[in-house]
Amino acid sequence: RDSDIRRIAVERIHDENVLEYVASNDSYRFARLEAVKRIKNEDILADLARNDSSEDVQKVAVQRVHDENVLIDIARNSSDEDVRWIAVEKIGGWDVFEDILGKDSSGDIDGKKYHHYDDGVLMDIIRNSHDYNVLKGAVRGISDKDVLADVAMGEFLFPASIEAIWGISDKDVLADIARNALDSDARGVAAEKIDDEDVMADILTNESTKSVRKTALEKISDADTLRMLILENFGYFPVGSYSRFKRNFDEMIYESLGVDVYNNVLDKLDESVLTDLIHEKLFGDFRVLIVRRLTSEDVLKNLALNDLDYRVRREAVKNPNLCDSKTFAEIVQSDYNDSVRLEALKQIDDEEILEAMINDLSPLIKLYAFERLKRNFDLNEKEIPFEDIDLSSVETIEDENVLYSIVKNAPSPSIRRYAFNKIKDESIS
């Protein structure tokens, strides 16, 4: 063929000027391709790399260009993707390199452009780049799963470690990352990909970052495992100052993860496990959540009368499954905490008991008893020591008639204002 004859003829030419002419002007791309492989003129090579109609000629030309400024221009502006990447491969200096990579990887979903590099070069990119798209593209271009695991385990800039985890499916590797990766976000993402409850239990017990603990906790469903973890993670030592420290630490974790997380955990446990847990030394707020789920009136009665934590006693009284009026009466008359007594008093309709409470030493109890009775008795509000009612007492009051009495009679402006702001019923205020 004529094209083959012309290519063979070019192979036999040794005159640089003739080769330059052929490379720039011959109409046959195979002839130009053969010529461009042998010329050295940087200006002609640059022109061919930018403008030749054949992609093959452009790629060979850019491979032979040595001027970094020319390579940078080609990398930034060439219309051909492969030509740009050949130029990028020849460029040193991270500022330019990153600028070009960032531009070219913004739409690179699979990291295909980065397959131009071996994994060693990609790791170098990951260590040095500060560009989001560059990091993602470089990680997606890695083919060796062990290298991906190294990226996930290391302390690289976001999103390198996270991106690496999405490319890993080996459960043992993911478990290692979830336990030991330097970046807490990486540990959390790895945990999300694991279904092994033993691994989740280990993470919950040993992990220091709350968000990762939350992920692990939500993925455990086995009742025995949950019971063990609750006892290990939410108990406290009832000795000396360490008791206070441990309880405060656990309550901090409880508050930071949110009540919904613990509600979800407790929803997975049946009544027998909950009844067992309520008698363990767990911190108070967690036990309150357990009490709300109990249905046995005998268990609730025992808690309401005898538990050492007033929060647990109060929650037991509020539980609708406790309906024993004698228990309520005993609590009103004997419990040492007014908030517990108040909840019990709300359940009592016995006028004799209510009348007795009119003379109670607690202003809060006296006021509630008065409100319950004032429709049947001609009682004088002035007999109630409103001056003894404080903000903490008002915080516990939900009955708007009681709040209105405080608004009318409390001597403290701040107490009256606080009580007024709690009233929702416009007909009362």
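**Before selecting anything**

The model is predicted, so local features need pLDDT of at least 70 and side-chain atom pairs count only at pLDDT 80 or more, while totals for chains, interfaces and linings use all residues. Residues are numbered from 1 along each chain as its sequence is written, and side-chain values use heavy atoms, with hydrogens and water left out.

**Whole chain**

Helices (H or I, at least four residues) and strands (E, at least two) are DSSP runs, numbered from the N terminus. Of the 429 residues, 48% are buried; buried means under 20% relative accessible area, exposed over 50%, and partly exposed in between (1.4 Å probe, protein chains only). Switch to a surface view; the accessible area is about 22000 Å², with 45% of it belonging to carbon and sulfur atoms. Areas come from the Shrake-Rupley method with a 1.4 Å probe, and for residues only the protein chains shown count as cover. Among contacts (heavy atoms within 4.5 Å) with a separation of 6 or more, 49% join residues 24 or more positions apart.

**Arginine 29 and phenylalanine 30**

Select these two side chains. Arginine 29 lies over the face of phenylalanine 30, 4.4 Å from the ring centre. The criterion is NZ of Lys or CZ of Arg within 6 Å of the ring centre and within 35 degrees of the ring normal.

**Helices 4 and 6**

Select residues 42–51 for helix 4 and 68–77 for helix 6; their axes come within 10 Å and cross at roughly 5°. Helix 4 is therefore roughly parallel to helix 6. Axes are lines fitted to C-alpha atoms, for helices over the stretch in contact, and angles run from 0 to 180 degrees between N-to-C directions. Angles under 35 degrees count as roughly parallel, over 145 as roughly antiparallel, 65 to 115 as roughly perpendicular and the rest as oblique. Show side chains where the helices meet: Ala46, Ala49 and Arg50 on helix 4, and Val70, Asp73 and Ile74 on helix 6.

**Around helix 14**

Move to residues 184–192, helix 14, and colour Ala186, Arg187, Gly188, Val189, Ala190 and Ala191, which are buried. These buried residues pack against helix 11 (145–153), helix 12 (160–166), helix 13 (171–180), helix 15 (197–206) and helix 16 (210–218).

Next, pick glycine 154, in the loop between helix 11 and helix 12. Glycine 154 counts as buried because its relative accessibility is 13%. Beyond neighbours within four places in sequence, glycine 154 is in contact with Ser161 and Leu182. A C-alpha distance from glycine 154 to alanine 186 gives 9.3 Å, across 32 residues of chain.

Then select aspartate 196, in the loop between helix 14 and helix 15. With a relative accessible area of 39%, aspartate 196 is partly exposed. Its C-alpha atom is 9.9 Å from that of alanine 216, 20 residues away along the chain.

**Helices 25 and 27**

Select residues 338–345 (helix 25) and 363–373 (helix 27), whose axes come within 10 Å and cross at roughly 10°. Helix 25 is therefore roughly parallel to helix 27. Asp338, Arg341, Leu342 and Leu345 of helix 25 meet Leu364, Ile365, Tyr368, Ala369 and Arg372 of helix 27.

**Phenylalanine 420**

Finish in helix 30, residues 413–421, at phenylalanine 420. At 42% relative accessibility, phenylalanine 420 counts as partly exposed. From its C-alpha to that of valine 407, 13 residues apart in sequence, the distance is 5.9 Å.
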